[in-house]
Amino acid sequence: MVITTPTARELTLDQILERQQQAFLADPQPSAKVRRDRITRLKRLVLDNAAELTEAMREDYGSRPETLSTLTDIASSIPDLDHQRSHLKKWMKPTRISRVLDRVGFHQQVRHDPKGVVGIMGPWNFPLYLTIVPAGSALGAGNRVMLRPSSVTANTTEVLARRAPDYFAVDELAVIGPEHGRGSDFSVLPFDHLFFTGSPAVGKSVAKDAAENLTPVTLELGGKNPVLVDSSADIERAARSVAASRLVNGGQVCMCPDYVFVPEDRVDAFCDIVLDQWRTSLPAIVGNPEYTAVINTSNYERIVGLVDDAVAKGAVKRDATPAGERLPDAVTRKIAPTLLTGVTPEMEIDDDEVFGPVLTVFGYKSVDEAIRYITARPSPLVLYWYGDKNERFETVADRTRSGNIYGNDFGIGMVSSAIPFGGVGNSGMGGYHGHYGFRTFTHERAVALHSFNTNVSEFVAPPYIKGKKRMASIYLGAMRARTRLKL
C-alpha cells in the first residue's frame, strides 16, 4: 500500500500549522545534519527551478529583465544559505559563561533553542530573495516554516507552491498560496515567530495580529531613504551611482535612494549628470524589456499622482523620456526616470515613499540642514553617504537614526552575511542575515545551576533574622563601595 502525504494545497492553514507543531514537538532539537539537509533542499528548490521562476517574475511584472531576476532573486539568495549551513553547528552549541565559576560548582550557559513554527510573509518586489533568505535562517535555527509569498506576484507564488512539495514535506516547509485566503488570515495564526517584509502600513497591521497571540515579530519595512553627498565626494561618481541606484527594479526597492542632499553650489551639476546617466542607459523605455515596469496599475497611478501633485504645487520636473516616446504609459505601466527639485512640505511626495523611478534633490549649505530634515521624519531603512569617512560623516551617523548606513554605493551591506540587515522605528524592528538571522529565530535560553550546600532562597525568604539583616547591610555597603570605585 502506497501512503501519500498531503501537500499544503490539500490542507487548511490550521491543519498545516498543527502538523508542523506536532512535528516540532516530535523533534524539537534537530541535529546539525538535519538542518543542513533542509537548507540544501531549499537551495535546490531555487536553483533547480531558476528558469521557471525568472519567467514567472517577468509575467508578474509584465516587464522585468531576466538578468535582474537571476542576479537579485536567484543567485543572491544562495550565499546567505551557504553561510548558515557552514556555521550553524557552531552556533547551535550552548554558550559557556565562565570556566572559573564552573570549577567552583556554579554552572551558567545560554542555549540556542529553536522557537518552533515560524511564519514568513514575503513582499512582491523581490518575491524570492526576501522569502528564501529568512526561510533559510529559520530552518538553520531548527524551526518548521510556513512561507507565504505575496499575492501580488501570483505566478511566482504558483511556481513555489507547485515545486516545494518535491523538496519538502508539509511539516517541514509549506508554501501558502491564494487558496489559503488573505495575508490577514495568515498573520493571525499563533506562530512562534512571525517575519514580515513589506510596507510600514501593512507592517502595523501584521504586528497587531501577532500581538493577539504574543507572537514575536521581525518587521522589515521601507521608508524614504536619504542620500547625503558630502563636499568631499566626487560629484560625477556620486551622481551616476545614485542615478543607477534609483533604477534598480524600476525603483521598487526598499533600499532605493528617495531624496538627495547635495552641496548648494553643486546641485545643477549633480542633476545634469543624473539625467545624462538615465538617458545614456535608456535610449528606449516603452518597448524595452530591460526596463522594469511598475508592478500593477494601483502603484503606477499612485506614483504618477505624486509627481503630478508636486508639479502642480510648484516643483520643477525633469525626466529622461526618450525621443519619440510618450511617458508615463499606462498600458505598459512604465514611467520615465524623473528628477524633482523645489519640493516643499505641502507636497505629498515630501512624506510618501515613492517606490518608483523618481528622485528628489535638495541643496544644502551645511550638514546641519540635512540632519534637521532627516531627523524630523520617520527613521529610514538606509541612510546613504557619499564622500570620505570624515568628521562630518561621524556627525551624521551620531545625530541621525536609520536601520543601516551605506557609503559610496547602493545596498553595499547586503553583500555580506557578517553584518545585520534590518530597520528601526518606522522602517522595522529586528534583523537577519548570517548569525543575526540564526539568532532571530532562536530562543536564547538561560541555564543556571549550582552544587553548593547552601540555598539562596533561604536568605531571601522570611524570617528575616539578625544574621540576614546584617548580610543585607553588608551587601548594600559593598555595592555602594563598588559604585564609588567605578566613578
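Student: Is Arg 64 buried or exposed, and what is its relative accessible area?

Tutor: The model is predicted, so local features need pLDDT of at least 70 and side-chain atom pairs pLDDT 80 or more, while totals for chains, interfaces and linings use all residues. Residues are numbered from 1 along each chain as its sequence is written, and side-chain values use heavy atoms, leaving out hydrogens and water. Buried means under 20% relative accessible area, exposed over 50% and partly exposed in between, with a 1.4 Å probe and protein chains only. Arg 64 is therefore buried, its relative accessible area being 2%.

Student: With which residue do the side chains of Arg 64 meet in a salt bridge?

Tutor: A salt bridge requires a side-chain nitrogen of Lys or Arg within 4 Å of a carboxyl oxygen of Asp or Glu. The N to O value for this pair is 3.0 Å. The partner is buried at a relative accessible area of 0%; it is Asp 73.

Student: Which residues of helix H4 are buried?

Tutor: Helices are DSSP runs (H or I, at least four residues), numbered from the N terminus, and H4 spans residues 66-74. The buried residues of H4 are Leu 68, Ser 69, Asp 73 and Ile 74.

Student: Which residue forms a salt bridge with Glu 172?

Tutor: The closest N and O atoms are 2.8 Å apart. The pair links distant parts of the chain, 131 residues apart. Both residues are buried, and the partner of Glu 172 is Arg 41.

Technical notes. Helix = DSSP H or I, 4+ residues; strand = E, 2+ residues; numbered from the N terminus.
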